[in-house]
Amino acid sequence: MNTIEVKDINKSYEKGKVTALKNVSFNVGKGELFGLIGPDGAGKTTIFRLLTTLLIPDSGEAKVLGYDIVKDYKQIRNLVGYMPGKFSLYADLTIEENLNFFATLFGTTIEENYHLIKDIYEQIAPFKKRRAGKLSGGMKQKLALCCALIHKPEVLFLDEPTTGIDPVSRVELWDMLQKLKTEGITILASTPYMDEAVRCDRVALIQEGEILNIDTPDNITGQFNKKLYAIKAGNMYALLKALKQYPETDNSYAFGEYAHVIVNGDVENLKSFLEKQGISGIEVRNTLPTIEDTFIAESYKP
Amino acid sequence: MNNNIVIHAHDLTKKFGNFTAVDHISFEVGTGEIFGFLGANGAGKTTAMRMLCGLSHPTSGEASVAGYNVYKQQEQIKKNIGYMSQKFSLYEDLTIVENIQFYGGIYGVKPKEIKERTQILLKKLNIENQAKSLVGSLPLGWKQKLAFSVAIFHEPKIVFLDEPTSGVDPITRRQFWELIYEAGNQGITVFVTTHYMDEAEYCNRISLMVDGKIAAMDTPANLKQQHSADNMGDVFYALARGAKRSE
């Protein structure tokens, strides 16, 4: 049995005017770290709200730990931990009080499951007397994760746990999730940061309510079947403009210090075209696609 | 890039009680420069930015923005800069055109100019057909591109962008940066914060704040060389990992 099973789910808002999800299906196995990767508005939060029994689908069905999300909502609520994308703890309670509250609510104590939250909680413990409303973004996220974990859930739902968090904390958070996996906890996490996809066992790329692709990160980048070049030049802005003008360019876009280009025909022709356009300091090399390249390729409509 | 300095800070400091949020930071930013202002959460970026935007008085040190003093000429600063963030950008209950008119009016752009520039702007962003749509109904990426265009509608000398692309899809994020490049080319200085490390590469220069101080400031290429790093993410990690106040 899969821990999470989602089959042909459709969901719309405002009496059908806004489509949030279109025929979404996916499964998550026990102990798997599964990522929902997509930008704001893709439908990620709707998936979380359905699976945590806070919304009812228009059609289709889903199960969490074998329980139906509509009929068996009470059972599901006891067995899962949910960290919403929007900060939802009590702003007027301190760090310690919030954590105690959630432990009590689920009939447990902080001491009983402290080992699960220790790594994260130690970082915010020096401020445990501070009210949650007065915490910075990163600290709020850490507290929310502790509160979602304190009853030792079998499934953890994390809606954009790294949004607004600096790159160092992001690395730490994903390290922590890897560790929780070893405790047998199944994790569904979403992120708008494509580079975080590689930290997941499998990912679903999602855009405008539809799943573009589901696979391991390696397999997804492996499906990228076009030759990708990385090009650098003295003036990036001029380079990007020139690449767009080149008739044989299939797609081109900035990618860190390079521009990534998919081009028809010999790349040497592109090089001489760029030189004629007055672009200097050109450096061309082959490069391997990342998840972000795949995402762009799959959601790109010329 | 020429040598006209539009942002100048020297030993700029802000204390809240015993806590030094911004600790003697010094830097200069030139006309048309795209300046990336990076740092860990809680490093002091927002506090520094608020001082430069004329929203908060420094405790000590000096700074001028667009030639105006941050202690005495805060109102002139506000008139000469643009600002946008992910959190505050446009009024959701106003249409695209109403938002443009509102901001243009606030910044004292003449009605005739507002009319002309609105048409150019709608055309450029390819949203002529949506001109009368409520901003709240637009996808986030469109909103952010529009918000940026509105922030530079009054042709400020400097535009401050606070995490403008958070959560925006990869294609729109790049279109957004094309707008930034274009603004830089027109001579508008861009002061931008981001948590996307690929975007750090798009900046002419980067400063990286750790624990209230500027830990490093250089071009992305030089920073990578100095830290023997392949990308800005590794540079960030090397410098900010040792931060004492993670928040």
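Begin by selecting strand S4 (residues 60–65) of chain B together with S5(B): two bridges join these strands, which run antiparallel. Strands, like helices, are DSSP runs numbered from the N terminus (helices are H or I, at least four residues; strands are E, at least two). The model is predicted: local features need pLDDT of at least 70, side-chain atom pairs count only at pLDDT 80 or more, and totals for chains, interfaces and linings use all residues. Residues are numbered from 1 along each chain as its sequence is written, while chains are lettered from A and ligands numbered from 1 in the order in which they are written.

**The sheet of chain B**

Now extend the selection to the open sheet of four strands, whose order is S2-S1-S4-S5 (chain B) with antiparallel pairing; two strands pair if DSSP finds at least two bridges between them. Strand S2 (19–30) and strand S5 (68–69) of chain B stand at the edges with a single partner strand each, so one side of each has no neighbour in the sheet.

**Ser64(B)**

Within strand S4 of chain B, select Ser64(B). Is Ser64(B) buried or partly exposed? Ser64(B) is partly exposed, with 18 other C-beta atoms within 10 Å. A residue is buried if 20 or more other C-beta atoms lie within 10 Å of its own, exposed if 12 or fewer, and partly exposed in between, with C-beta atoms placed from the backbone. Leaving aside residues up to four places away in sequence, Ser64(B) touches His8(B), Asn69(B) and Val70(B); contact requires C-beta atoms, placed from the backbone, within 7 Å.

**The nonpolar core**

Next, select Leu143(A), Phe157(A), Ala259(A), Val159(B), Val190(B) and Phe191(B), which have the most contacts inside the largest nonpolar core, a set of 153 residues. Such a core consists of buried Ala, Val, Leu, Ile, Met, Phe, Trp, Tyr and Cys residues joined through C-beta atoms within 7 Å. Helix H5 (residues 137–149) of chain A gives the largest share of this core, eight residues.

**Between the chains**

Finally, show the contact between the chains, which takes 32 residues from chain A and 30 residues from chain B. On the side of chain A that touches chain B, H5, helix H6 (167–181), helix H8 (236–245), strand S12 (249–255) and helix H10 (291–299) each supply at least two residues.

**Confidence**

Colour chain A by pLDDT, the predictor's confidence in each residue, from 0 to 100. Chain A averages a pLDDT of 93, and 99% of the residues score at least 70.

Definitions and conventions
Two residues are in contact if their C-beta atoms, placed from the backbone, lie within 7 Å.
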